[in-house]
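These are my notebook entries on a single chain. I set down each point as I looked it up.

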Amino acid sequence: MEWLFVLIGIVLAIPVGYILRILTSDEIKKGRSYFKLIIIISIILSVVSLLLPFESVLKKTLFFGFLFMVIVSFMSWWK
């Protein structure tokens with residue numbers, strides 16, 4: 001059941017990214033380099049979060065939170 005919520009959250013990142021791209025088109029043109037930076041940092045932090053000695057629940061929360069940020073940023077940045 002827990003993985004169902006994770007899957008729903010990750011799948012919802014795609015429409016959220018598209019909506020942000022539509023609503024913030026001017027900001028995306030000016031800050032494209034920042035979206036790349038957010039994507040790279042989120043990928044690095046998601047991998048680091050798996051390697052840190054935290055509890056399993058915290059690891060999953062951090063990992064999927066950063067993964068959500070990667071997907072939203074990528075969908076907003078990508079044309």
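What percentage of the 79 residues of the protein chain count as buried? I found that 24% of them do. I note at the outset that this is a predicted model.

Entry on the fold. I looked up the secondary structure and found four helices and zero strands in the protein chain. Read along the sequence, the pattern is α-α-α-α. I then took the extent of the C-alpha trace, which spans about 40 × 25 × 15 Å along its principal axes. For contacts between residues at least 6 apart in sequence, I recorded that 75% join residues at least 24 apart.

I counted 8 positive and 4 negative side chains, and I noted that the centres of the two sets lie 12 Å apart.

Entry on helix 1. I checked its length against expectation: at 1.5 Å a residue, the 22 residues of helix 1 should span 32 Å, and the end C-alpha atoms are 32 Å apart, which agrees. I listed Ile-10, Ala-13 and Gly-17 as the buried residues of helix 1. I recall that an α-helix has 3.6 residues a turn, so residues three or four places apart point the same way. I next asked which helix the buried residues of helix 1 pack against. The partner is helix 4.

Entry on Glu-2. I located Glu-2 in helix 1. Its relative accessibility is 44%; because buried requires under 20% and exposed over 50%, Glu-2 counts as partly exposed. I also took the separation of the C-alpha atoms of Glu-2 and Ile-41, which is 26 Å for residues 39 apart along the chain.

Entry on the cores. Which residues make up the largest nonpolar core? I found six: Ile-10, Ala-13, Phe-64, Ile-71, Val-72 and Met-75. The elements giving two or more residues to this core are helix 1 (2–23) and helix 4 (56–77). Helix 4 contributes the most, with four residues.

Methods: Residues are numbered from 1 along each chain as its sequence is written. This is a predicted model: local features need pLDDT of at least 70, side-chain atom pairs count only at pLDDT 80 or more; totals for chains, interfaces and linings use all residues. Side-chain values use heavy atoms; hydrogens and water are left out. Buried means under 20% relative accessible area, exposed over 50%, partly exposed in between (1.4 Å probe, protein chains only). Contact means heavy atoms within 4.5 Å. Lys and Arg count as positive and Asp and Glu as negative; His and the chain ends are not counted. The place of a charge is taken as NZ of Lys, CZ of Arg, CG of Asp or CD of Glu. A nonpolar core is a set of buried Ala, Val, Leu, Ile, Met, Phe, Trp, Tyr and Cys residues joined through side-chain atoms within 4.5 Å. The expected span of a helix is 1.5 Å times one less than its number of residues.
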